[in-house]
Amino acid sequence: MDYFFDPTRFPSFLVPFVTLSYSVDPPLNPDSFPDSSYYDIGYRDVCLIVTLIAIMAVLRDAARIFVLEPFAHWKLTRDWRRRQALKSGSSTPDSKPRPNNTVGCDANSKVNEPVAINSSAEKLVAVRPPENSPSARRIRHSVTRFAEQGWQVIYYTTQWSLGMYIHYYLPSNLWARYPHVPLAGIVKFYYLMQISLYVHAVLLLNAEARRKDHWQMMAHHVVTISLIVGSYYYGFTRVGCLIMVLMDWCDIFFPVAKMLRYLSYQIACDVTFVWWMLSWFVTRHVLFCKVIASAYWGVTTQLEFGQFERGYWLTKEVHTTLVVLLVILEIIQSIWSYLIFGVAYRVLKGEGAEDSRSDDEGEDEQVRKDR
C-alpha cells in the first residue's frame, strides 16, 4: 500500500499522477516518522504536481462558487435591505411603506437608488439593489474579493496545520544527519503541495487583472519556488519545512482581515490586521532572519562541502545561492513591511485598515467612481 494511494487501482501510465513516486526502503534508524513509507525524489514528481495544481484549481472554484460567493452575496444583500428599511423609516425590511415617503439610498451611495416595491405584498424594500446601481456594483466587487480571500484562508490554514504537525515531529537540529533523504511520505507530499501552491499562484497572478504589487508578488513567488525546489533537490527539507510554516502563519490572517472588511466589519478587520501585523514582524523578520543566520552558519560549521548520497553536490556555490535567495526574500518582505507600517499609521489615525498593496488596481473602475 502506498502512503497516500493504492497504485494498483490505476493504469501504469497514470500512477505517477496519482501517487508518490520513487518508493524506497525506510532508513534503518529513522529519527522521525518511523512508521511512514519513505521515498526518493525524481522527475516523475512533476506528474503529481500537475495533478495537485488541477485539484487545487477545482477546489478553489468549488469553494468560491458554492460556498464563499453565495454566503457573501446573502450577507451583503441582507445588509443592504436593512439599510434601506432604516432609511424608509421601517423597523424591519418587511414593513409597509408610509404614505408619500420618498425612498432613500444606500448609506455609502453618492446617488439616490430607487427601491422596487413588491407589488404582491406592497412591501417597501427590494429583494436586491437594481442591477447597474452603485450598490449592486459594490456588492459584486466585495463578493468576488471575499471569495478570493476565503480560498486563501482555507488553503493556508490546512497547509500550516500540516506543516506544523510535520515540524513538531522532525528533530530540532535542522542540519543533523544531512542530507535528509529519503523523505517520509508525509514530508514529500507536503513539499509537493507547496510547490503546487506557488505554481498555481503564478498562473493566477498572470490570469487575473494586474494589481499594484504584481511584480513584487511575481518576484516573491519565483524566489519561493526556487527555494522550495532547491531545498527539495539538495536535501535541506528540515529547514524548508520550518520556513514554510513561518510563511504560512501570516498568510492565514491577512486574508481574514480583508474578508472582514468586505463584509463591513471594520473594527474586527482592524483588530485582525493588528494581530497579523505583529505576527508578520515576528515570523517574517525576527524568526526568518534567525533561520537565514542558521542557514549560513549552521551549514558552514556543521557540514562539509562535497559529494553526498545519490551524486548530489553540496558546494559553496549551491550554499551561497540558497542563502542569497533567502536574503532576497527578506528584502521583498521588508518592502512590504514599509507598506504595512503605512497602513498601521492610518489605522492609528482612525482611518481603518485598507489593503494598500493589491486591491485598487484589481478593482472595477466604476466601483472606484462610486465611492
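Biologist: Which residues touch the most other members of the largest nonpolar core?
Modeller: First, a friendly note: this is a predicted model, so local features need pLDDT of at least 70 and side-chain atom pairs count only at pLDDT 80 or more, while totals for chains, interfaces and linings use all residues. Residues are numbered from 1 along each chain as its sequence is written, and side-chain values use heavy atoms, leaving out hydrogens and water. A nonpolar core is a set of buried Ala, Val, Leu, Ile, Met, Phe, Trp, Tyr and Cys residues joined through side-chain atoms within 4.5 Å, where buried means under 20% relative accessible area, exposed over 50% and partly exposed in between (1.4 Å probe, protein chains only). Of the 65 residues in this core, the ones touching the most other members are Phe33, Ile166, Val187, Leu192, Phe273 and Trp276.

Biologist: Which helix gives the most to this core?
Modeller: Helices are DSSP runs of H or I with at least four residues, and strands are runs of E with at least two, both numbered from the N terminus. With twelve residues in the core, the top contributor is helix α4 (residues 185-207).

Biologist: Which residues does valine 187 touch, beyond its sequence neighbours?
Modeller: Contact here means heavy atoms within 4.5 Å. Leaving out residues up to four places away in sequence, valine 187 touches Phe33, Ile166 and Cys241.

Biologist: Which residues does the second core include?
Modeller: This other core is separate and has 23 residues. Among them are Phe236, Ile243, Phe288 and Leu325.

Biologist: What distance does helix α5 reach from its first C-alpha to its last?
Modeller: Helix α5 covers residues 214-233, which is 20 residues. The expected span of a helix is 1.5 Å times one less than its number of residues. For α5 that expectation is 28 Å, and the model comes close to it, reaching 28 Å.

Biologist: Is serine 231 buried or exposed?
Modeller: Serine 231 is found in helix α5. It touches Tyr191, Phe236, Thr237 and Gly240, not counting residues up to four places away in sequence. Because its relative accessibility is 7%, serine 231 counts as buried.

Biologist: What is the strand order in the open sheet, and which strands stand at its edges?
Modeller: The sheet has three strands with antiparallel pairing, in the order β1-β2-β3. Two strands pair if DSSP finds at least two bridges between them. Each edge strand has a single partner strand, so one side of each is left without a neighbour in the sheet; these are β1 (23-24) and β3 (183-184).

Biologist: Which residue in β2 is the bridge partner of valine 24?
Modeller: β1 pairs with β2 (residues 38-39) in the antiparallel sense, over two bridges. In β2, valine 24 is partnered by tyrosine 38.

Biologist: How many disulfides does the structure hold?
Modeller: A disulfide is a pair of cysteine sulfur atoms within 2.5 Å. Cysteine 47 counts as buried at 18% relative accessibility, and cysteine 241 counts as buried at 0%. The number of disulfides in the structure is zero.

Biologist: What is the angle between the planes of phenylalanine 33 and tyrosine 169?
Modeller: Rings of Phe, Tyr and Trp (its six-membered ring) pair if their centres lie within 6.5 Å, with planes under 30 degrees apart counted as stacked, over 60 as edge-to-face and the rest as tilted. The whole structure has 20 aromatic pairs. Phenylalanine 33 and tyrosine 169 form a tilted one, with 6.2 Å centre to centre and a plane angle of 55 degrees.

Biologist: Where do phenylalanine 33 and tyrosine 169 lie?
Modeller: Phenylalanine 33 is buried, at 11% relative accessible area, and tyrosine 169 counts as partly exposed at 44%. The pair ties together parts that are 136 residues apart in sequence, because phenylalanine 33 lies in the loop between β1 and β2 and tyrosine 169 in helix α3 (residues 134-169).

Biologist: How many residues of α6 are buried?
Modeller: Helix α6 has 26 residues and reaches 38 Å from its first C-alpha to its last, close to the 38 Å expected. The helix is largely enclosed by the rest of the structure, because its count of buried residues is 24 of the 26.
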